[in-house]
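Dear colleague,

I am handing over the structure below, and after it I set out what was found. Please read the description alongside the coordinates and the sequence.

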Amino acid sequence: MEIMIDKKNNDDIKIKSQQIVEEIKNGEKQLEEIQNSCRHPHEEIYVKDIKPEAGSCQYRKVCGVCGKAVGYPSQEEIKNAVGGTGNPTE
Ligand SMILES: [Zn+2]
């Protein structure tokens, strides 16, 4: 009988995880559509380390309105954004 309960439980997990994957896909699609409709105004663009947990910094230019990464900052722009950490990069 326990095997049956396990199977039922696994089926529940399977169905739920598939639903969530679908929801994520839908959400990502909606996010993409909304980000594509954004004009990414120049004054809202800022430089952000998109993977602060990764150890090595990965800077991107990010739109402050929609949150989309819109490009790569120059060394100068990174320096300005990081500024004053006492840790100048070459
Ligand atoms: Zn934008």
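The secondary structure of the chain comes to 2 helices and 3 strands, where helices (H or I, at least four residues) and strands (E, at least two) are DSSP runs numbered from the N terminus. Read from the N terminus on, these elements follow the order α-β-β-β-α. Please bear in mind that this is a predicted model, in which local features need pLDDT of at least 70 and side-chain atom pairs count only at pLDDT 80 or more, whereas totals for chains, interfaces and linings use all residues. Residues are numbered from 1 along each chain as its sequence is written.

Overall form

The chain is divided into domain 1, covering 1–37, and domain 2, covering 40–84, with bounds that come from an automatic or database domain assignment. The centres of the two domains, taken over C-alpha atoms, are separated by 32 Å. The radius of gyration of the chain is 21 Å, whereas a compact globule of 90 residues would have one near 12 Å; the value is taken over C-alpha atoms, and the globule rule is 2.2 Å times the number of residues to the power 0.38. Along the principal axes, the C-alpha atoms fill a box of roughly 65 × 35 × 15 Å.

Buried residues make up 1% of the 90 residues, a residue being buried if 20 or more other C-beta atoms lie within 10 Å of its own, exposed if 12 or fewer, and partly exposed in between, with C-beta atoms placed from the backbone. Of the contacts between residues at least 6 apart in sequence, 31% join residues at least 24 apart, and two residues are in contact if their C-beta atoms, placed from the backbone, lie within 7 Å.

I5 is found in helix α1, and I5 counts as exposed because it has 9 C-beta neighbours inside 10 Å. I5 and G83 are 78 residues apart along the chain, and their C-alpha atoms are separated by 58 Å. The loop between α1 (2–36) and β1 contains H40, which has a positive phi of about 45 degrees although it is not a glycine. H40 counts as partly exposed, because it has 16 C-beta neighbours inside 10 Å.

The sheet

The 3 strands form an open sheet in the order β1-β2-β3, with antiparallel pairing; two strands pair if DSSP finds at least two bridges between them. The edge strands are β1 (45–49) and β3 (69–71), each of which pairs on one side only. From one strand to the next, the twist averages 50 degrees, with axes being lines fitted to C-alpha atoms (for helices over the stretch in contact) and angles running from 0 to 180 degrees between N-to-C directions.

The antiparallel pairing of β1 and β2 runs over 5 bridges, and K48 stands opposite R60 in β2. Strand β2, residues 59–63, also pairs with β3 in the antiparallel sense, over 2 bridges. In that pairing, V62 has A69 of β3 as its bridge partner, while K61 stands opposite G71 in β3. The hairpin of β2 and β3 has 5 residues between the strands, and in this hairpin G67 takes a positive phi near 80 degrees.

Q75 is exposed, because 10 other C-beta atoms lie within 10 Å, and N80 counts as exposed because it has 11 C-beta neighbours inside 10 Å.

N80 and V47 are 33 residues apart along the chain, and their C-alpha atoms are separated by 8.9 Å. Q75 and G27, for their part, are 48 residues apart in sequence and 33 Å apart in space, C-alpha to C-alpha.

With kind regards
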